[in-house]
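Student: Could you take me through one part of this model closely, the sheet and the charged pairs? I'd like the cut-offs along the way, please.

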Amino acid sequence: MAALARFSRKAIASAVATNQLRRAFSTEVSKTITPSPDRVKWDYRGQRQIIPLGQWLPKIAVDAYVAPNVVLAGQVKVCDGASVWAGSVLRGDLNKITIGFCSNVQERCVLHAAWSSPTGLPAETSIERFVTIGAYSLLRSCTIEPECIIGQHSILMEGSLVETHSILEAGSVVPPGRRIPTGELWAGNPARFVRTLTYEEKSEIPKLAVAINDLSKDHFSEFLPYSTAYLEVEKFKKSLGITI
């Protein structure tokens, strides 16, 4: 018991000495390190926008708008005039994903592509020109032909095909291998034929894509390739005495 008591006293004394040393060291560090008043506070983000996978690197056209918090991974191609809006994820780790000319993928969409399609149709996800994908939609290994509108919260499964001049209403679910014929309006879960589109409705489809493209230019002018570059600009203005 006496030996145990001596051992306990030594352990307690060692722990007290260690705590005192830590407090002294932290106090000394706080005295010696003083941050500079004009130090740039870098905005480190835990999320990477462009993710290369092996030999595959996402390709973005010069005049395409991709929001800063969009994630592009692998075999992804965003063509001229296209736009991908905030929070969307395009994951081309298994197959190709293509966003065509002047098409747009709106907020919080998820696009993926499988290795192969059980229907025998192409497994890549292809969105052709003048297509509008509504917010919160999920597309997987599907093909959307030119001048279509996919309503928000829609789901398009493997091998599905939406032909040109077609519209899916919000919340529609297209099962695997389902074909939406040209010039028709479909809706529901699973999606069913509603009616044939009029000439005026068909002509409005590309106009919507163009309008969203024009809007993306305003956002593009505020978007910088490096999310912290504006901090350096503010620091430079401050050094010159320019009001920020």
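Tutor: Eight strands make an open sheet with mixed pairing, in the order β3-β5-β7-β10-β13-β16-β19-β20. The edges are β3 (65-66) and β20 (192-196); each has a single partner strand, so one side of each is left without a neighbour in the sheet. Strands (E, at least two residues) and helices (H or I, at least four) are DSSP runs numbered from the N terminus, and two strands pair if DSSP finds at least two bridges between them. Within the sheet, β13 (residues 149-150) and β16 (residues 167-168) pair in the parallel sense over 2 bridges, with I149 opposite I167 in β16.

This is a predicted model, where local features need pLDDT of at least 70, side-chain atom pairs count only at pLDDT 80 or more, and totals for chains, interfaces and linings use all residues. Residues are numbered from 1 along each chain as its sequence is written, and side-chain values use heavy atoms, leaving out hydrogens and water.

Now the charges: the whole structure holds 5 salt bridges (a side-chain nitrogen of Lys or Arg within 4 Å of a carboxyl oxygen of Asp or Glu). One of them joins R140 and E158 at 2.6 Å, N to O. This pair links distant parts of the chain, 18 residues apart: R140 lies in β11 (residues 138-140), and E158 in the loop between β14 (155-156) and β15 (161-162). E158 is buried at 15% relative accessible area, while R140 is partly exposed at 24% (buried is under 20%, exposed over 50%, partly exposed in between, with a 1.4 Å probe and protein chains only).
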